[in-house]
Amino acid sequence: MSQSLGWLWALAVGVFSAHVLQKLYFPYFWMDALFLLKVVKCGLKLELQKFSSSVTTVMDMFVRQAQRVPNKPFVVYEGRVHTYRDVDARSNRLARVFLEKVAPRKGDCVALLMSNEPDFLCVWFGLAKIGCPVAFLNFNIKSKSLLHCVHSCGAKTLIVGSDLVESLDGVLSSLREDNIEIWAMKNHSEDTRVNTLLDKMEAASERPVPAALRATKSFKTPTLYIFTSGTTGLPKAAVITHLQCVKGATGFGAFGGTEDDVIYITLPLYHSAASLIGIGGTIGLGATCVLKKKFSASQFWSDCRKHDVTIIQYIGELCRYLCNQPKTAADKVHKVRLGIGNGLRQDVWREFLSRFGNIKMCEVYGSTEGNLCLMNHIGKIGSVGRSNFFYRFLFKYDLVKYNMEKDEPVKDERGFCQRVETGETGLLLSKVSAITPFFGYAGNKQLTEKKLMRNVFVKGDAYFNTGDLMAEDQEGFICFRDRVGDTFRWKGENVATTEVAVILGQVDFIQEANVYGVEIPGHEGRAGMAAMILRLGHTFDGKQLFERVTADLPSYARPLFIRLQEVMELTSTFKQRKLQLVQSGFDPSTISDPLYVLDHEQKDYIPLTDTIYQSILTAQRKL
């Protein structure tokens, strides 16, 4: 008896000791294990479908949810509830109109230019039901960028929201000359070049179209094209396959979401975050989403309280806007328990939690076209992702040394990249493999190849270049440090400096422009700034420049600051130097060159004085 008690006592001591050691040295073991189990479970389901005659897509998931919970609210928009059955039926109408009036072939791409509204989903789903990939267009883009986007995805049809028809005024003739059909979500159009959809949808049948029209045998089949500015040039159409969509639809579930959750989506649906993770995740759970036409800081929490929102999607800038709102006694009166997004700065993160309560903020890192997704499922402040041995085994990524001055990775004597030490900052690369494929950009093999780095560690390997500098600490938490190359991020959008420079170069008094991003205290990302040389015999015209950038560039891409220079500094390979310009910022007290700032009230670029500079630093001047 005493011997049995001794064994039990020894076992209890051993279990307790193991528990203490685990808490001390592996504090996140069980959280990591449970999260990884969800990821592996999802991966196994995808792998098993390879042996099936057809695969289950997000659209298949939606149709099943509409059959399972037809009367459950799917989308709540401006006070009106749209059930799963409602959206399913309306998307069937759209599908039938297109089959009859357009008669597209399976695989034909259709471009979609719409704001956040339920019909965005009905059009998207209706086209998916007849096997047509959809290209989501950013409704901020204009003129040449818009034409480029439509052409680059190979679309021969463009569907435009009723509130955005006027945005086509400058390009409508060009679109029609290229035999691109225009369909507007309207009952009537005075312009004979624009077809109407709503009147035809009202007369169409709600009966489902044959499921065979949407069926696919491979997860690698493209289903969407989502545009990203990437690192250079005009927007690029990232190929989004069924595989990426299905992975996105599992996001909320991996973080603990359930069908009882109510998800608040204020981000634009043309972004992968809102469409793949937000809408896809809602479908995956069979949950409800509250869709907002446009983010409003003043209405955010009242909407959350009104609709009993439990999950929010965010970008870092959104959270900063919320923290800048006047404090109220109801700041912590809500049911939000989980936030999923990216770009949340540490100081804003802490202030957000302190003010709005114990909300678990889970950062998700990954570009639209990328093959790697990092997730901070722990919710540790300042981390964009969490890694461990098992995650590295499944998803191979590396941080390599990077020379900021030369703007290139550091190579050893054999020409291979060098891994950084733990805690050091390095360029994040993700290995291209069967588990983590890279599908690239539509119709442009050159741009696709440009995102890859080959012969990184051994001859023949290939890695996706994220263009981001990261650091991983001893505990496996990964933190974002900076972006490299010719891109900066402002107002939650990537800005390609070369695209902005091309627009500036069309102004008659500008000889050369060097576009880059500068940090502004208290703001997420970097604001646009352009150093430029004037043409001989010309003077700077702020009003003319204002007119050009507002006409041809979306608001987030317009340079806020201008710096006039006599000579443009170049590297030995004749590339524009940006690092020193970025570091010097826009302080008129330390820069001898003439500086100007964009002024919306005067519709001009006006001299940047010390007074204006201080008003920007103290957030008194709205940017």
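Predicted model: local features only at pLDDT ≥ 70, side-chain atom pairs only at ≥ 80, totals over all residues.

Start at D191. The partner of D191 is R193, and the two form a salt bridge. Their closest N and O atoms are 2.9 Å apart.

How many salt bridges does the structure hold? The count is 25.

Next, K380. Which residue does K380 pair with? With D473, in a salt bridge whose closest N and O atoms are 3.7 Å apart. Now look at where the two sit. K380 is in the loop between β15 (374–375) and β16 (385–386). D473 is in the loop between β22 (462–472) and β23 (477–483). That is 93 residues apart, so the pair links distant parts of the chain. As for accessibility, K380 is partly exposed, with a relative accessible area of 27%. D473 is partly exposed as well, at 28%. There is a third member here. E475 joins K380 and D473 in a network of salt bridges.

Now to K129. K129 forms a salt bridge with D88, and the closest N and O atoms are 2.4 Å apart. K129 lies in helix α5, while D88 lies in helix α4 (residues 84–101). So this pair ties together parts that are 41 residues apart in sequence. Are these two residues buried or exposed? K129 is buried, with a relative accessible area of 2%. D88 is buried too, at 16%, because the cut-off for buried is under 20%.

K129 also takes us to the helix packing. Two packed helices are described by the angle between their axes and the distance between the axes. Take helix α3 (residues 58–68) and helix α5 (residues 118–129). They pack at an angle of about 110°, with their axes 10 Å apart. That makes α3 roughly perpendicular to α5, because angles of 65 to 115 degrees count that way.

Which residues meet? From α3, we have M59, F62 and V63. From α5, we have F125, A128 and K129. By type, the contact divides into 5 nonpolar residues, no polar ones and 1 charged. K129, then, is in the contact with α3, and K129 also forms the salt bridge with D88.

That's the tour. Questions, please.

Definitions and conventions: Residues numbered from 1 in each chain as written. Heavy atoms only, no water. Axes fitted to C-alpha atoms, helices over the stretch in contact; angles between N-to-C directions. Helix = DSSP H or I, 4+ residues; strand = E, 2+ residues; numbered from the N terminus. Parallel < 35°, antiparallel > 145°, perpendicular 65-115°, else oblique. Contact = heavy atoms within 4.5 Å. Nonpolar A, V, L, I, M, F, W, Y, C, P; charged D, E, K, R; others polar. Salt bridge = Lys/Arg side-chain N within 4 Å of Asp/Glu carboxyl O. Buried < 20%, exposed > 50% of the residue type's maximum accessible area, 1.4 Å probe, protein only.
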